[in-house]
Amino acid sequence: MMKYLFLLHSPHGPSTDPDSAEYADNVAAYGAMQNQMIEAGVLIDCQPLYPVSASTTVRVRDGEAILTDGPAAEIKEQVGGYIVVECADLDEALKWATMVPAAQDGWVEVRPVIPVGKPA
Amino acid sequence: MSEQDFRAHWWAAVASVTRLVGDLATAEDAVQDACLAALVQWPAESVPDNPRAWLIGVARHKALDRIRRDARRAEKEAAAVREWAKPGPPQPGGPVGDDQLALIFMCCHPALDPATRVALTLRSVCGLSTAEVAAVLLVGEPAMARRLTRAKHKIRDAGIPMRVPAAEALPGRLDAVLRVIYLVFTEGHKTSTGPALVRGDLCDAAIDLARNLAALLPGEPEVIGLLALLLLTDARRAARTDAAGDLVLLEDQDRTRWNQAMIDEGEALLERALRNGRPGRYQLHAAIAACHSTTRRAAETDWRQIALLYGELIRYEPTPVIEANRAIAVAMAEGPAAGLVILDALGHHPQIGRWPQYHLARADLLRRLGRDTDARDTYRTALQLDPSVAERTFIAKRLTQLEP
């Protein structure tokens, strides 16, 4: 089995106003997707992310931590959330990626996770 | 004895070893080593009764040796690798044919860039060396080596499976494979640049691929249709260039130089494919090619039938290129004016304007309508769009003929 990280990009993402119907639809769509993934036993984790304005970037130079407010690079497209799934192969992962709502109006980048054992 | 002699076994050997060790790069290196061993051993001793089985057996040993060696180098990974290399009964797996199919589906996986699929298929399935792949695809050898390595790493790291897709995914995935084979062929068939011999090699490689695939998937009419198309098209190879190496148009070709055996085989295959009642783009392309192949003299060509077939083809391949080809057929059947109407209607299409063949076709119709000035201007437009060497020579000839 392999783990895959889905990076969710929704440049024109739905409204963030929790009272809007669109917001509720989006929550429902992700809820349905998660349920399917849980049922299939592939879901490891699935979370939305705060905007990059909440990011802090850390670099260590000469032993000193240098913090920068915001993302590492000014890019227009932001990762709005992530999903980690465990699948047999890329074909299965890609099948799940097409079911992520973000793929409809934005895109989903499928990154294979390098299997590294946890320290004992 | 040369590396050429092993090419017929390359696909089966790489497939079998990849199935065993789960890594394409390791498998290819091992098969390469086995071929080198054969170069030394076969002439010294004797060629084995079953050269393919010999190569596969030696390559499997070499691959497992390689893995053990690497394992010693990286003890941390040893436990996992020992699992792989555990001696015991050979991996069950199906017949080698199944592994071969799985390998080509892996090399033509849609998660790989289309140009990479072509390069990888030439290397891993056809057995061309990296230098040869670089030469035929007009890429520098170091760049090609990097591209191939990246592709093999992606297959391994991203978990692209070596598997024949399930029935519901098969049509789309098979289409990707057929597209790669067709691209290999057109790379060889179009006389653009490079030594002509290498290009002929590429046509042969594509035909071999299609022939093997048709044997592995006898129930897929589009595979048989593709093989028919390649044979019918390649049958004209000798007549496509004149003594000076210049392009000869279909209508001017010496049809006695067409390869009749290939035409007969292509036609028989096309009939077999069409009997399935599941037409597709390759069967239609083959049907069009057959219209030409069965006609003894260019003047007797059934252009009305060809125009109809192109009209049908647009349903499967809705591109301006097909519509332009239909226009040419209509021009032949009903006169240049009727064809020009269709071509002019395509003019707004952003891609078609950059395609030299579009302007060549328009120029030819204008010439036949006696609009010499328009024809000259249009030939010059085509000339500016970087046509192939052969086309360039052809345009120059036409421009001289049209001198006022």
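**A tour of chains A and B**

Begin with both chains displayed: six residues of chain A are in contact with six residues of chain B, contact being C-beta atoms, placed from the backbone, within 7 Å of each other. The model is predicted; local features need pLDDT of at least 70 and side-chain atom pairs count only at pLDDT 80 or more, while totals for chains, interfaces and linings use all residues. Residues are numbered from 1 along each chain as its sequence is written, and chains are lettered from A and ligands numbered from 1 in the order in which they are written.

Select residues 90-97 of chain A next. Helices (H or I, at least four residues) and strands (E, at least two) are DSSP runs, numbered from the N terminus. By class, that side of chain A has four nonpolar, no polar and two charged residues. Here Ala, Val, Leu, Ile, Met, Phe, Trp, Tyr, Cys and Pro count as nonpolar, Asp, Glu, Lys and Arg as charged, and the others, Gly among them, as polar.

H2(A) also lies across S1, S5 (79-87) and S6 of chain A, at about 140° to S5(A); axes are lines fitted to C-alpha atoms, for helices over the stretch in contact, and angles run from 0 to 180 degrees between N-to-C directions.

Now show the sheet of chain A. Its four strands form an open, antiparallel arrangement in the order S2-S5-S1-S6, where pairing requires at least two DSSP bridges. S2 (43-48) and S6 (107-112) of chain A are at the edges with a single partner strand each, so one side of each has no neighbour in the sheet. From one strand to the next, the twist averages 15°. Select S1 (2-9) of chain A: this strand pairs with S6(A) over six bridges in the antiparallel sense, and A:Phe6 has A:Val110 as its bridge partner in S6(A).

Move to chain B, which is divided into domain 1 (1-93) and domain 2 (96-172 + 186-197), with bounds from an automatic or database domain assignment. Between them, 15 residues of domain 1 of chain B are in contact with 12 residues of domain 2 of chain B. On the domain 1 side, H1 (7-21) and H2 (24-44) of chain B are the elements giving two or more residues, and H1(B) supplies the largest share, nine residues.

Finish at helix H9 (170-189) of chain B, whose 20 residues reach 28 Å from first C-alpha to last.

Terms used. Two residues are in contact if their C-beta atoms, placed from the backbone, lie within 7 Å. The expected span of a helix is 1.5 Å times one less than its number of residues.
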